[in-house]
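Please look over the sequence and the structure below.

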Amino acid sequence: MDIDKLFAVLGVKAINSGAFNGVWLKTSGDVLDVHCPVDGSILARVNQAGAGDYDLVIKSAEKAFGIWSSVPAPKRGDIVRQIGLEFRKYKDELGTLVSLEMGKIKVEGDGEIQEIIDICDFAVGLSRQLYGLTMHSERPYNRMYEQWHPLGVLGLITSFNFPAAVWGWNFAIAAVCGDVTVWKPSSKVPLTAVACITIANRVLSENGFPGAVASLVVGRGKEIGEHLIADHRVPLISATGSIPMGRRIARVVGERLGRSILELGGNNAVIVSRHADLDIAVKGVFFGTIGTAGQRCTSTRRLIVHESIYDDFKDQLIASYKRVKIGNPLDPRVAMGPLIDKDAVAVMRAAMKGVIEEGGRILYGGNVLATEDYLGGCYIEPCIAEAENHYRIVQDETFAPIVYLTKYKLIEEALAMQNSVPQGLSSSIFSHHLREVELFLSHSGSDCGIANVNSSTSGAEIGGAFGGEKQTGGGRESGSDAWKYYMRRQTTNINWGSDLPLAQGIRFDGP
Ligand code: NAD
């Protein structure tokens with residue numbers, strides 16, 4: 001792999017600026033070493049943004065908003081269409097960069113860029129469908145309707161595990177809505193951000209629009225992130241990350257009565273019924289637990305399996321785990337790459353210790369792979385543990401490939417377990433029993449934002465609104481009508497008569 005060539009194609013340098021507002025600024029923050037989880041090497045460096053750089057970025061974004069918000073929405077859609085085309089050209093290279101920087105396998109890296117392409121396509125259509133309703137007024141010769149206006153400069157805070165796609169979901173929708181965005185990526189994966197912003201801005205500038213429509217600030221959450229969330233010039237923060245981070249953002253943005261879209265941690269369960277097709281169930285669980293090395297917000301964390309098939313299911317799952325090839329994520333034979341860093345490995349090992357202390361047992365895996373084949377990267381076997389749903393460790397999201405297996409007798413009991421966690425992102429049932437499935441999907445079934453039948457907890461499509469309930473934060477982004485969060489709604493009344501009728505029949509005789 002010729003990394004220098006890859007970087008040259010994508011506009012990534014050995015030392016990169018950490019702030020873009022139409023030009024790459026000469027930034028004043030500390031230097032950030034960007035580590036490659038594949039082998040622990042330093043991929044490149046970023047000169048992070050300082051407070052002054054941040055302020056310049058926001059000022060340019062405010063100016064860009066004045067221009068961009070005046071462009072007709074279908075024209076904005078056309079620019080987003082061109083951006084999608086540009087991402088198509090660089091899908092392979094960008095997918096490789098995602099793999100190198102984050103550690104997910106190449107097909108998943110490519111899949112992330114495909115999500116950007118898909119959401120651009122979705123947004124193009126949306127740009128002609130930012131509909132408001134028209135209502136019949138109770139007043140004669142009056143017309144009432146609602147319209148949607150652009151909101152302003154939006155702050156996008158993203159997590160390490162989706163270095164590209166989460167920005168894409170937010171940027172493409174925000175852009176057709178007439179907003180401009182300032183992206184603060186995770187400091188673990190800033191190079192993908194540099195590459196994505198370079199591509200988006202090539203298209204914007206070729207079309208004569210300011211680069212500050214899609215800006216970037218790289219810096220620590222506690223410094224640059226805090227500036228962004230406290231900033232009155234930023235009416236909406238869309239933040240993806242852990243629950244503690246979301247709590248902090250909700251407090252700070254709430255204090256200034258700003259808006260936030262919070263996409264936080266999950267603790268996703270799969271119910272495997274005795275009416276399941278076990279083949280599909282094992283495949284779905286395998287992808288849900290091993291995919292992205294268990295580092296997806298929608299990764300399967302808990303398995304609630306009917307007692308009559310428990311042993312059979314457990315044996316089949318362990319057999320499939322034994323076949324997993326772990327290693328370099330760019331090797332097409334590999335199914336699971338490294339974890340993002342040594343801390344993530346330590347967190348997983350601590351969870352394994354925790355589950356044993358609470359009375360559970362490790363059924364498979366969890367060994368750190370530290371031979372020379374693994375080149376200093378953070379490789380660990382995926383782990384299956386037997387545990388009770390109420391254990392403290394099971395109630396938490398451990399962001400690693402560890403899954404907890406537990407038994408149930410009655411479907412009502414399985415549903416109660418599935419809902420008895422603080423988080424509410426994704427859920428699945430494997431069953432061909434109509435009544436069980438409908439119960440799972442009913443108001444007294446899954447309490448999650450996403451409910452799947454005979455399908456993995458992972459792998460959402462961009463067409464649906466994505467997000468979760470309870471401590472997952474309640475936000476929705478991507479498809480369906482999630483665009484409404486990115487605009488301001490205005491209810492309008494036009495009186496075209498020759499009198500001034502008042503609502504509720506009020507007579508108010510003026511002068
Ligand atoms: P994290 O909370 O450590 O960081 C996420 C982002 O928040 C980073 O960019 C970080 O710099 C920033 N941040 C941290 N503190 C901040 C502050 N005080 N002010 C502003 N910004 C701040 O999360 P992570 O480890 O990068 O990602 C893993 C977590 O993200 C998991 O909990 C996972 O479930 C969650 N996640 C959720 C979704 C979803 O859509 N629900 C998607 C992906 C990841």
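## Ser478

Helices (H or I, at least four residues) and strands (E, at least two) are DSSP runs, numbered from the N terminus. Ser478 sits in strand E24, residues 477-478. Ser478 is buried, with a relative accessible area of 2%. Buried means under 20%, exposed over 50%, partly exposed in between (1.4 Å probe, protein chains only).

Contact means heavy atoms within 4.5 Å. Leaving aside neighbours within four places in sequence, Ser478 is in contact with residues including Ile119, Trp169 and Ile462. The side chain of Ser478 also reaches the backbone oxygen of Ile462 at 3.0 Å.

## Basis of the model

This is a predicted model: local features need pLDDT of at least 70, side-chain atom pairs count only at pLDDT 80 or more, and totals for chains, interfaces and linings use all residues. Residues are numbered from 1 along each chain as its sequence is written, and side-chain values use heavy atoms, leaving out hydrogens and water.

## Two domains

The protein is divided into domain 1 (3-264 + 473-490) and domain 2 (268-461). These bounds come from an automatic or database domain assignment. The C-alpha centres of the two domains lie 30 Å apart.

## The interface

In domain 1, 21 residues are in contact with 27 residues of domain 2. The area buried between the domains is about 1800 Å². Buried area is the accessible area (1.4 Å probe) that two parts lose on being put together, summed over both. Carbon and sulfur atoms give 63% of the area buried here.

The rule finds two salt bridges across this interface. A salt bridge is a side-chain nitrogen of Lys or Arg within 4 Å of a carboxyl oxygen of Asp or Glu.

Technical notes
A polar contact is a pair of N or O atoms within 3.5 Å; within protein, one must be able to donate a hydrogen and the other to accept it, and residues adjacent in sequence count only if both atoms are side-chain atoms.
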